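Please look over the chain and its ligand before reading on.

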Amino acid sequence: MNVSVVLFTSDLRLHDHPALRAAQDGSAALVPLFVRDDAVAEAGFTAPNRMAFLADCLADLDGGLRARGGRLVVRSGDVVAQVCQVVAEADADEVHMAAGVSGYARRREERLRAALEGEGCRLHVHDTVITALAPGAVTPSTSDHFAVFTPYFRHWSQEPLRDPVAAPRAIRVPDGVGSEAIPSRTGLSGLSEGLARGGESEGRKRLTAWLRADIASYEDGHDDLSGDATSRLSPHLHFGTLSPVELVHRARAAGGPGAEAFVRQLAWRDFHHQVLAARPDAAVADYRTKRDRWRSERAAHEDIKAWKKGRTGYPVVDAAMRQLRHEGWMHNRARLLAASFLTKTLYVDWRIGARHFLDLLVDGDVANNQLNWQWMAGTGTDSRPGRVLNPVTQAKRYDPDGEYVRRWVPELAELAGGAVHEPWKLQGLERAAYDYPDPVVELSEGLARFRAARDRG
Ligand SMILES: Cc1cc2nc3c(=O)[nH]c(=O)nc-3n(C[C@H](O)[C@H](O)[C@H](O)COP(=O)(O)OP(=O)(O)OC[C@H]3O[C@@H](n4cnc5c(N)ncnc54)[C@H](O)[C@@H]3O)c2cc1C
């Protein structure tokens, strides 16, 4: 009897899962396996918000497998050692998994391949599970990856997508392969109060509602901070409870300018993944150095603290940072503003901001987080690396009535309309009535410091 193992990583779903389908097609039985990988914890990637969402995803995946006659096998430890042990216990011939893009994912694949070869077991790595197009599926003539989004998107849009794969109807797991208990949220501390629920069932519900009711207004509404009119599907894409291929197909089927704008954002996700696949060091090193001599953490200590706490004195930046802490998620426009403020106005190293985001974001993702931070810091793929977002102008444009700020900065809730964006304009007793800090730096001063320091190193 042929037995396969499917190693789930960032693809915690049953629908549209080519690796799962391939494993099932060739085998009489399969072991759906998830390993709580020690290396991920040691690298500091097990932020509580993501651990809670992950627990939801694993419980839901187990439920989906059980409804089909199977179950999820969970193990902890070194991923390679655990896979080899399960292969031995199940007497498996093949292991299937999704291709990853990070340096760590690549090394994991290499280590697994080498270890499994020694056991007479083959590793099959499947593309287009985690991204819609595989990194390298489209390339410019002179390089192994696109460094600019617009031409990438042109090619990406013309490339045919594979068809979605149906979820399996029934799954047979061989006897004698034990599992640890499925992790749960219980006992996890440090969670954001407004954290979303994880799991494929939840993701599919949200996707259906999004396609039915909200996608049509995405083009006009996606930058409106208080409107909250984006899909909020990012954690599901990060954990793979939704398939990007299926999302593109279904959005295209919905049609219209909202769907087109949404598909363009999914292409941004693929774009960053293909950059990271080609340049794994971009997770930690400048993609394009600007010879920055960032302020030292010591010199900027108070500013960094104010930024993290949402006490910079710039209401829209503070609202963004408090949304992050409260929900473990932040609106894209708010992420841009918070990142521009830290890297350009405060001239603090993008890695410090990216680390803080990764500590809290439920969708915290090496490709999307590090490369968006680099984009905004001007060390990445932005073709206008010197751009600085003015938090007051941006607030007036994307939160004209001040609703987003009042939602997250209750100290200012009494300030009506757009006045909430400039509390420093209040005078005397009126100003003193608000327990809210003065700006940590004048914008013009921050701009001058950034311009003087950049590219002078
Ligand atoms: C500084 C900074 C850090 C970020 N860190 C992350 C991160 O860790 N994880 C993450 O998934 N996204 C990150 N983003 C991108 C983006 O902000 C989020 O994907 C988006 O806000 C998620 O909300 P949504 O699902 O409602 O997005 P929607 O607007 O509904 O977009 C749909 C999907 O497209 C993808 N997408 C949208 N914008 C981008 C983008 N700029 N880059 C890559 N993919 C995009 C996401 O998968 C998103 O779920 C970051 C952006 C910035 C500026």
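The points that follow describe a predicted model. The chain has 20 helices and five strands, and it is divided into domain 1, domain 2 and domain 3. The ligand lies between domain 2 and domain 3, because both give residues to the shell around it.

**Overall build**

- The secondary structure consists of 20 helices and five strands.
- With a radius of gyration of 23 Å, close to the 23 Å that the globule rule gives for 457 residues, the chain is as compact as a globular protein of that length.
- Taken along the principal axes, the box filled by the C-alpha atoms is roughly 80 × 45 × 45 Å.

**Domains**

- Domain 1 covers residues 3-127, domain 2 is made of 131-161 + 200-278, and domain 3 covers 301-453.
- Between the C-alpha centres of domain 1 and domain 2 the distance is 25 Å.
- The contact between these two domains involves 17 residues of domain 1 and 16 residues of domain 2.
- On the side of domain 1 that touches domain 2, eight residues are nonpolar, four are polar and five are charged.

**Helices H4 and H5**

- Helix H4 (residues 79-90) packs against helix H5 (residues 103-118) at an angle of about 35°, and their axes are 10 Å apart.
- The crossing of H4 with H5 is right-handed.
- From H4, the residues Val79, Val80, Val83, Cys84 and Val87 take part, and they meet Arg108, Arg111, Leu112, Ala115 and Leu116 of H5.
- This contact comprises eight nonpolar residues, two charged residues and no polar ones.

**Ligand shell**

- The ligand is surrounded by 28 residues, of which Thr230, Ser231, Ser234, Asn369 and Asn372 are the closest.
- Two or more shell residues come from each of helix H9 (234-239), helix H11 (257-278), helix H14 (332-345) and helix H16 (366-377).
- H11 gives the largest share of the shell, six residues.
- By class, the shell holds eleven nonpolar, twelve polar and five charged residues.
- Residues of domain 2 (131-161 + 200-278) and of domain 3 (301-453) both belong to the shell, so the ligand lies between these domains.

Terms used:
Residues are numbered from 1 along each chain as its sequence is written. This is a predicted model: local features need pLDDT of at least 70, side-chain atom pairs count only at pLDDT 80 or more; totals for chains, interfaces and linings use all residues. A residue is near a molecule or strand if its C-beta atom, placed from the backbone, lies within 6 Å of it. Helices (H or I, at least four residues) and strands (E, at least two) are DSSP runs, numbered from the N terminus. Ala, Val, Leu, Ile, Met, Phe, Trp, Tyr, Cys and Pro count as nonpolar, Asp, Glu, Lys and Arg as charged, and the others, Gly among them, as polar. Domain bounds come from an automatic or database domain assignment. Axes are lines fitted to C-alpha atoms, for helices over the stretch in contact, and angles run from 0 to 180 degrees between N-to-C directions. A crossing is left-handed if the near helix is turned anticlockwise from the far one by less than a right angle, and right-handed if clockwise. Two residues are in contact if their C-beta atoms, placed from the backbone, lie within 7 Å. The radius of gyration is taken over C-alpha atoms; the globule rule is 2.2 Å times the number of residues to the power 0.38.
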